[in-house]
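Shall we learn to read a protein model together?

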Amino acid sequence: MSVPFASALIRYERLRRNWSMEGLCQGVCAVSYLSKIEQGKADPGPDILRALMQRLEIRWYDGADAARWVEEMLEAGLSFDHARRDRLLQELDERSEQYVNGPQMLNVLLLEKWLRKDCRTEVDLSAFENCFDERQRALWMMGQNRSDEAVRLLPCAYTWLMHGSSAYCAGAYTQAIERLLHACSMAMEEGRARVLLQAKVLLGNCYSDQQENEAMKAHYAAAMRLARDLGEEDTLETVRYNIASTDLQLQRVEQAYAYFAALKEPGAMALHKLAICEEKLGNTEDALRTIERARKVQCSYPPQELYEQMLDVVAFRLTHADYLRRNEYGEKLLSCFDAIRRDLPNGYAVFHLPWVEEWYTASRQYKQAYELKKLFS
């Protein structure tokens, strides 16, 4: 039997303060009645509920406006509508006490944890798991990136998109493609264009990592049309970046260089790719200057320390013509590659794979080269 949220909150706040039942309910209700409230066996009237909350220093609201906010925020989240989400989060900041302190508190906090990257709620939501209904449990799973459970509890275009994304990040491309195609189908049924857009981008990524060029182009082309129609300039630029990165992987260096060199304000990873283009084209001095530019840029993803490791590996090749005969290079490269495999989606490892295979072959570690090729094939 699930416990009503207000009852669970009274117990949670009482224990957090290390209060006895007698101390909380004195002059409000009997200890036995409070015990039944906390167990969900009694439904307190509004006067008793308000009195208990007041004693716990919680100003309790009726939750009418919060209920409207919850439904709008859920719709924004499931539609991948970041602009609407951000407006609603600003509204929450402005009316936080009114929205949080009421019967919608659990919904509000679960949505905030799911949709706000820097959410720092002081409430331990795991203490309320016995209060969750099915939708709330799905939100809880989404907030923890547990897509396999979320998609079972709340099967929709968004949860299938996340389910596909988790498989993509793990390098399970067959599973990812199957799940993402299902997300596309559901997105069209539900009319969620931005979910369809993100699914198409990820499908393009899957085929890019597998170097299946025609399938990649088809999904990226669809994504670019959707992005233009939706005015999603950031996504449009992401697709262009991914296409150029794939060109670089497939040794179409001139095409990749044309894109990265033309960027007016290249980000951290774009500078990393530009340096590799210049390296492959034999423009060593230009590549070294690009590395120095890249070192001055803060990288939000991947983590700064790993980003600098990636730059160090490229710089070592540029400054040591005999890098394949230097153990120091192998140590730098393999340390960086291990961190990439541990901390980043599989596509990053796929991009760096040729240099690792080159090192293993040059250092006559043929067994490692074979096992690596087998693993990534």
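This is a predicted model: local features need pLDDT of at least 70, side-chain atom pairs count only at pLDDT 80 or more; totals for chains, interfaces and linings use all residues.

Q: Which residues touch the most other members of the largest nonpolar core?
A: In soluble globular proteins, nonpolar side chains tend to be buried together. A nonpolar core is a set of buried Ala, Val, Leu, Ile, Met, Phe, Trp, Tyr and Cys residues joined through side-chain atoms within 4.5 Å; buried means under 20% relative accessible area, with a 1.4 Å probe and protein chains only. Here, the largest core has 86 residues, and Leu9, Ile10, Trp69, Leu111, Trp114 and Phe128 touch the most other members. Helix H13 (residues 193-209) gives the most to this core, nine residues; helices are DSSP runs of H or I, at least four residues, numbered from the N terminus. A second, separate core of 45 residues includes Cys299 and Trp359.

Q: Is Met53 buried or exposed?
A: Met53, found in helix H4 (residues 46-55), counts as buried because its relative accessibility is 0%. Leaving out residues up to four places away in sequence, Met53 touches Ala6, Leu9, Ile10, Ile58 and Trp60, where contact means heavy atoms within 4.5 Å.

Q: How many residues of H17 are buried?
A: Twelve of the 13 are, so H17 is largely enclosed by the rest of the structure. Its buried residues pack against helices including H15 (233-249), H16 (253-262) and H21 (346-362). Just after H17, Gly282 takes a positive phi of about 85 degrees.

Q: What lines the second largest pocket?
A: Rolling a probe the size of a water molecule over the atoms shows where empty space is left. The second largest pocket is lined by 20 residues, and Asp209, Gln211, Gln249, Val350 and Leu353 lie nearest its centre. On a 1 Å grid over the protein atoms alone, a pocket is an open set of points where a 1.4 Å probe fits, with protein on both sides within 12 Å along at least five of seven lines; lining residues have an atom within 4 Å of a point.

Q: Which element gives the largest share of that lining?
A: H21 does, with seven residues.

Conventions
Residues are numbered from 1 along each chain as its sequence is written. Side-chain values use heavy atoms; hydrogens and water are left out. Buried means under 20% relative accessible area, exposed over 50%, partly exposed in between (1.4 Å probe, protein chains only). Helices (H or I, at least four residues) and strands (E, at least two) are DSSP runs, numbered from the N terminus.
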